[in-house]
Amino acid sequence: MSKTAYRLKNLTGIHLLLGSAVHEVAEYTCKIIDSSGKLPTEETLTDKVRFLLNEAWKESRQLTKDLSPWKASPKKYLFLYEFYYGYGISKDLIAKIKEKMQFSIKNLLTCKSIKELQEEGVEMRLLESMDTFELFGTPVYAVPDLVYKRADGKWVVVDWKTGKEDDAHAAQLNVYCMYLRDKMGVDVEDMIGRVEYLLTGNYRDVEVTKETFEETERDIKESIDEMKAALADPEENIPHDMYSYPLSESKRFCRWCNYYELCEEELSQDGG
Ligand code: SF4
């Protein structure tokens, strides 16, 4: 069971994959600006995203014919759940993804943070994407997408988003800013937390203060305690039996959940 869950965890969806590909070209764009002061072209970025999507498409199609390589090393492959679960990718979905890709790349190249990054006296920091910081004895994976210091001394912490605008992003930005506080010793008064919505071209500077940090820390503590309480043995990180956890109240997204295969039988008994 845990092996299957681990494999399913490594599936990805076409929208998520586009999001990762756009994050990759955003990182590439920042590195090019940092090294040459120039901006890559829209065409270069589009080619890179297309390449990643095509590779995942080919790999997924191949894996549906023979699952054994994926079963042996699920982390090594880009396997789309649209292929794994046999849903397929319709022409409409392809058109939607293409449109999303075009908007995201155009908006990336003209967004506020990329403009600021090209200004005189800006210092960019490249961060290790798998880094963590510790809160309440628990490692937190929360590395910002981009961090730079402006000439006015303000540190801007950026999160790229390719999905819809959501109030929850403000709390997420606060966690990224805590990373900056803990790892780089930056004062909260000198930070600007920013979400760049690449689909629409909007951005949002979120409130980052000592008070919002305290509020976010309280929420994280509550969430850690809830997760620990849901385990049979919190010290050893051992869960209860799968069936002792309830199914999701809303079944709306179950079909698009990586773990659908594990819940399928229970969902059908539940009338889902
Ligand atoms: S109940 Fe639905 S959302 Fe929850 S794990 Fe199962 S399939 Fe996923």
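Start by selecting Leu 80, which touches Thr 12, Gly 13, Ile 14, Leu 17, Ala 56 and Ser 60, leaving aside residues up to four places away in sequence. Two residues count as in contact when their C-beta atoms, placed from the backbone, lie within 7 Å. The model you are looking at is predicted: local features need pLDDT of at least 70, side-chain atom pairs count only at pLDDT 80 or more, and totals for chains, interfaces and linings use all residues. Residue numbers start from 1 along each chain, following its sequence as written.

**The core around Leu 80**

Together with Leu 80, they have the most contacts inside the largest nonpolar core, which has 45 residues. Helix H2 (residues 14-36) gives the most to this core, with eight residues. Domain 1 (2-110) and domain 2 (121-228) both supply residues to the core, so it lies between them.

A nonpolar core is a set of buried Ala, Val, Leu, Ile, Met, Phe, Trp, Tyr and Cys residues joined through C-beta atoms within 7 Å. Buried means that 20 or more other C-beta atoms lie within 10 Å of a residue's own, exposed means 12 or fewer, and partly exposed is in between, with C-beta atoms placed from the backbone. Helices (H or I, at least four residues) and strands (E, at least two) are DSSP runs, numbered from the N terminus.

**Strand E7 and its partners**

Now select residues 155-161, which form strand E7. Seven of the seven residues of E7 are buried. Trp 155, Val 157, Asp 159 and Lys 161 point one way from the strand, while Val 156, Val 158 and Trp 160 point the other way.

Which strands can you show beside E7? One is E6 (residues 146-149), which pairs with E7 in the antiparallel sense over four bridges. Two strands pair if DSSP finds at least two bridges between them. Look for Lys 149 opposite Trp 155, then follow the hairpin of E6 and E7, with five residues between the strands, to Gly 153, whose phi is positive and near 90°.

Another partner is E8, which runs parallel to E7 and is joined to it by seven bridges. Two pairs to click on are Val 158 with Arg 194 and Asp 159 with Val 195.

Stay with E8 (residues 191-197): six of its seven residues are buried, so the strand is largely enclosed by the rest of the structure. Five bridges join E8 to strand E9 (residues 202-206) in an antiparallel arrangement, and Glu 196 stands opposite Tyr 203. Four residues separate the strands in this hairpin, where Gly 201 has a positive phi near 85°.

Most residues other than glycine have a negative phi. Phe 136 counts as exposed because it has 10 C-beta neighbours inside 10 Å.

Then go to Asn 237, another residue other than glycine with a positive phi, here near 55°. Asn 237 lies in the loop between strand E10 (231-233) and strand E11 (238-239), and is exposed, with 10 other C-beta atoms within 10 Å.

Which residues does Asn 258 touch, not counting residues up to four places away in sequence? They are Leu 8, Lys 9, Leu 11 and Tyr 81. Asn 258 and Lys 9 are 249 residues apart along the chain, but 6.2 Å separates their C-alpha atoms. Asn 258 sits in the loop between E11 and helix H10 (260-269).

For the last stop, show the ligand with Leu 247, Ser 248, Phe 253, Cys 254, Cys 257, Tyr 259, Tyr 260 and Cys 263 around it. A residue is near a molecule if its C-beta atom, placed from the backbone, lies within 6 Å of it. This shell has seven nonpolar residues, one polar and no charged ones. Here Ala, Val, Leu, Ile, Met, Phe, Trp, Tyr, Cys and Pro count as nonpolar, Asp, Glu, Lys and Arg as charged, and the others, Gly among them, as polar.

Key
Domain bounds come from an automatic or database domain assignment.
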